[in-house]
Amino acid sequence: MAAFSATHCRSYSYSHSSSINGGQNQRFSFSSFSRLSVPAKAIRNSLQTVVLMQDGVVATKVTPVEKETPKEKLKDELLSVTSTKEWDEKAGFDSNENESTVSITVVGASGDLAKKKIFPALFALYYEDCLPKHFTIYGYARSKMTDAELRNMVSKTLTCRIDKRENCSEKMDQFLKRCFYHSGQYDSEENFAQLDKKLKKHEGGRVSNRLFYLSIPPNIFVEAVKCASSSASSGNGWTRVIVEKPFGRDSESSAVLTKSLKQYLTEDQIFRIDHYLGKELVENLSVLRFANLIFEPLWTRQYIRNVQIIFSEDFGTEGRGGYFDNYGIIRDIMQNHLLQILALFAMETPVSLDAEDIRNEKVKVLRSMRPLRLEDVVIGQYKSHSKGGVTYPSYTDDKTVPKDSLTPTFAAAALFIDNARWDGVPFLMKAGKALHNKGAEIRVQFRHVPGNLYNRNFGTDLDRATNELVIRVQPDEAIFLKINNKVPGLGMRLDRSNLNLHYAARYSKEIPDAYERLLLDAIEGERRLFIRSDELDAAWALFTPVLKELEEKKFLPESYPYGSRGPVGAHYLAARYNVRWGDLDIEQVAELALLFVWKSNVIKRWILAVKSCE
């Protein structure tokens, strides 16, 4: 077991794999045990003198002192030793055999993800004393690099963002001394065997637990896993592998990847990471719902009119076009990040907070959903746009993207869950690049108040009177509930106000990065926030048919200007289900209405022109 130096990192029980390479889990709470420092004979005698009375009162029993034999004296002498070192010398044990260590290998250590996210997250955990007492971090990549060069590269991305304590630079130096590098090919068992020798040297005879983080392209996942499993897995502890998305391009490729990985690993050893599940507000979803009586009764089709899950970035692909063009926004964002949020939001109450119980409920939601239809999807692609004297490029202006690419950079979709709780409630998703802002949020729009006495105060726009719960995942994390309220004064004028929980104002502690939480969970063997294989299968089953149809029919994405709110088609899609996107204010809705009218007039004129030519 890895002995953690600070138990404040986790208040719930720690999941530890007792068998080698990812066997069954044993759950126990953090606790510390000190070695016995009193003779065993004295313990036996003291136990014999205690008698519990019927009412719980403790009485003592006098017993005669027995003469110790030489054998018993030696036992007591061994047990009375207070020094761990002396204990091991007298008993003939190697002290390291009773301890464990964690070796974390970042495969693809020279890449952007490793530099910008993984190493900084590991340092943050170390800074907060959340890593085990004995740990080693190895970078593994094809690039030729020394330990010193790796440390120099990593040091440029480390920050003491948690707080400004004076020992920050000291902590950095201590952390970097635990970081090492090994150059090798991802498909070379020989190179991984060399890594294994280096890891064993640092492990020093302790029980070795090994975590491999695959920060590499998906086409080399299997070869890297094969080599790590055969040549560098732990011989006496656990071995776990974190796999980054994408997990295939569709149901078929995902199934092939899963089958290939399971040739070398068990399902318990595979940690499919989706960093959105590690975000504070996403993890808080179940707390908000199941720990607050006011929300759970409302979490049904009787009270909720629609649910919106919105993701937007205010920048384009900008250099990542080669990777992105092979996947598109649906595979990159919707099929994983947004669908995982939806499953957590809509699931039934799990039996417990155990990982399997939670993931079972998520799978039930995904299997209850209707396969996505083409008519319930809108796709778009951003085009060049000039604003404030600055010209922003189109998607196809990216040199790594083909000029005739039809890959969507925006998508909106309407999904439905066919179960008793959510029947008929539209779940609308929207995700895009090069939009007007950056953010991610969940919006829950409640139904209108039946027979509302104050309808006349809202005029004809009843949507303005709708209660709405907004969970802002990023940035500037917050939860706020929109309610109707009387404006102070003699008249009866109503106003829409927010009951607001703003995290930065409420909590002084900075919110940890998602990778910190997920890396710590992987080290502890906690699987709640990682994706199970059947969960992945169910997610791909929803999106694969519509993705194939879009690609086979070469569906043309609707253009939208860089920095805009996306294609107009997304608003038509929402209107079809009597929904208004919640991230629009009244003025923006009015602008869209005028645009709808203008487009309708253009279409009418075009039809008239065609008819006149006939």
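The model is a predicted one: local features need pLDDT of at least 70, side-chain atom pairs count only at pLDDT 80 or more, and totals for chains, interfaces and linings use all residues. Residues are numbered from 1 along each chain as its sequence is written, and side-chain values use heavy atoms, with hydrogens and water left out.

**Overall picture**

The protein holds 19 helices and 22 strands; helices (H or I, at least four residues) and strands (E, at least two) are DSSP runs, numbered from the N terminus. Of its 614 residues, 48% are buried, where buried means under 20% relative accessible area, exposed over 50%, and partly exposed in between (1.4 Å probe, protein chains only). The accessible surface comes to about 30,700 Å², and 54% of that belongs to carbon and sulfur atoms; such areas come from the Shrake-Rupley method with a 1.4 Å probe, and for residues only the protein chains shown count as cover. Take the contacts (heavy atoms within 4.5 Å) between residues at least 6 apart in sequence: 76% of them join residues at least 24 apart.

**The nine-stranded sheet**

Let us turn to the sheet. Nine strands form an open sheet with mixed pairing, in the order β20-β19-β18-β17-β11-β16-β15-β12-β22; two strands pair if DSSP finds at least two bridges between them. At the edges are β20 (494-502) and β22, each pairing on one side only. From one strand to the next, the twist averages 20 degrees. Helix α18 packs on this sheet, touching β12 (377-383), β15 (410-415), β16 (427-432) and β22, and its direction makes about 5 degrees with that of β15. For these angles, axes are lines fitted to C-alpha atoms, for helices over the stretch in contact, and angles run from 0 to 180 degrees between N-to-C directions. Within the sheet, β18 and β19 pair in the antiparallel sense over five bridges, and L469 has L481 in β19 as its bridge partner.

**Salt bridges**

The count of salt bridges is 36, each being a side-chain nitrogen of Lys or Arg within 4 Å of a carboxyl oxygen of Asp or Glu.

| Pair | Closest N to O |
|---|---|
| R421 and E296 | 3.3 Å |
| R373 and E375 | 3.4 Å |

R421 lies in the loop between β15 and β16 and E296 in the loop between α10 (280-290) and β11 (304-312), so this pair ties together parts 125 residues apart in sequence. R421 is buried at 14% relative accessibility, while E296 is partly exposed at 21%. R331 is in helix α12 (residues 328-346) and E551 in helix α17, so their pair ties together parts 220 residues apart in sequence. Here R331 is buried at 6% and E551 is partly exposed at 40%.

**Loops worth a look**

Cis peptide bonds join K245 to P246, with omega about 5 degrees, and Q474 to P475, with omega about -20 degrees. P246 lies in the loop between β9 (239-244) and α9 (251-261), and P475 in the loop between β18 (468-474) and β19 (478-486).

K554, which is not a glycine, has a positive phi near 50 degrees. K554 sits in the loop between α17 (533-552) and β22 (558-561) and is exposed at 61% relative accessible area.
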